[in-house]
Amino acid sequence: MTIRKMTKKDWPSVAQIYAEGIATGLATFESEVPDYGSWNASHTDSCRLIAEQEGNVVGWAALSPVSSRCVYGGVGEVSVYVGKDSRGHGIGKLLLQELIIGSEAEGYWTLQSGIFPENEASIKLHEKLGFRFLGKRERIGKTLNGIWKDNLLFERRSKTVGID
């Protein structure tokens, strides 16, 4: 297993894995995969990772800014997706660990994740890696199937960045 920086060439694999996540109904409020230009514009240039196994992309992670206001420049929203045939093998953990390391190197002091309550695997993963539950946003958005969903907000504060 190799964790490396994502490149534009990885987009077809990233989009496929994203589509698999959308199809679960547990990963995102998005109903379809955006085109690369839209995805690229909504994610930070740094902190984009690929998990590769035997030459195949099996997962990805990236950060999105939480606000355009400069005071929130060190706060990023986490996305972690693992391909349907690769789930349950620790790939998400490896990606999130590397994303945390990379985010701190880039000056991020806070990472946050919004997780559906039914996505128990993602909740456990985030808790294992130091994220704490902040609260629940009730019926905050509709899923692919038009169902209103709650979203649980988790946060991880860096122990090395933004502590002074």
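**Exercise 1. State what share of the protein chain is buried, and describe its overall size.**

Solution. Of the 164 residues in the protein chain, 42% count as buried; buried means under 20% relative accessible area, exposed over 50%, and partly exposed in between, with a 1.4 Å probe and protein chains only. The model is predicted: local features need pLDDT of at least 70, side-chain atom pairs count only at pLDDT 80 or more, and totals for chains, interfaces and linings use all residues. Residues are numbered from 1 along each chain as its sequence is written, and side-chain values use heavy atoms, with hydrogens and water left out.

Next, take the size. The C-alpha atoms fill a box of roughly 40 × 35 × 30 Å along the principal axes. A compact globule of 164 residues would have a radius of gyration near 15 Å, and the protein chain agrees because its value is 15 Å. This radius is taken over C-alpha atoms, and the globule rule is 2.2 Å times the number of residues to the power 0.38.

**Exercise 2. List the order of helices and strands in the protein chain.**

Solution. First, count the elements: four helices and seven strands. Helices (H or I, at least four residues) and strands (E, at least two) are DSSP runs, numbered from the N terminus. Then read along the sequence: β-α-α-β-β-β-α-β-α-β-β.

**Exercise 3. Check the span of helix α3 and find its buried residues.**

Solution. Helix α3 covers residues 91–105, which is 15 residues. The expected span is 1.5 Å times one less than the number of residues. That gives 21 Å, and the end C-alpha atoms are 21 Å apart, so the two agree.

The buried residues of α3 are I91, G92, L95, L96, L99, I100, S103 and E104. An α-helix has 3.6 residues a turn, so residues three or four places apart point the same way. After α3 comes G107, with a positive phi near 90 degrees.
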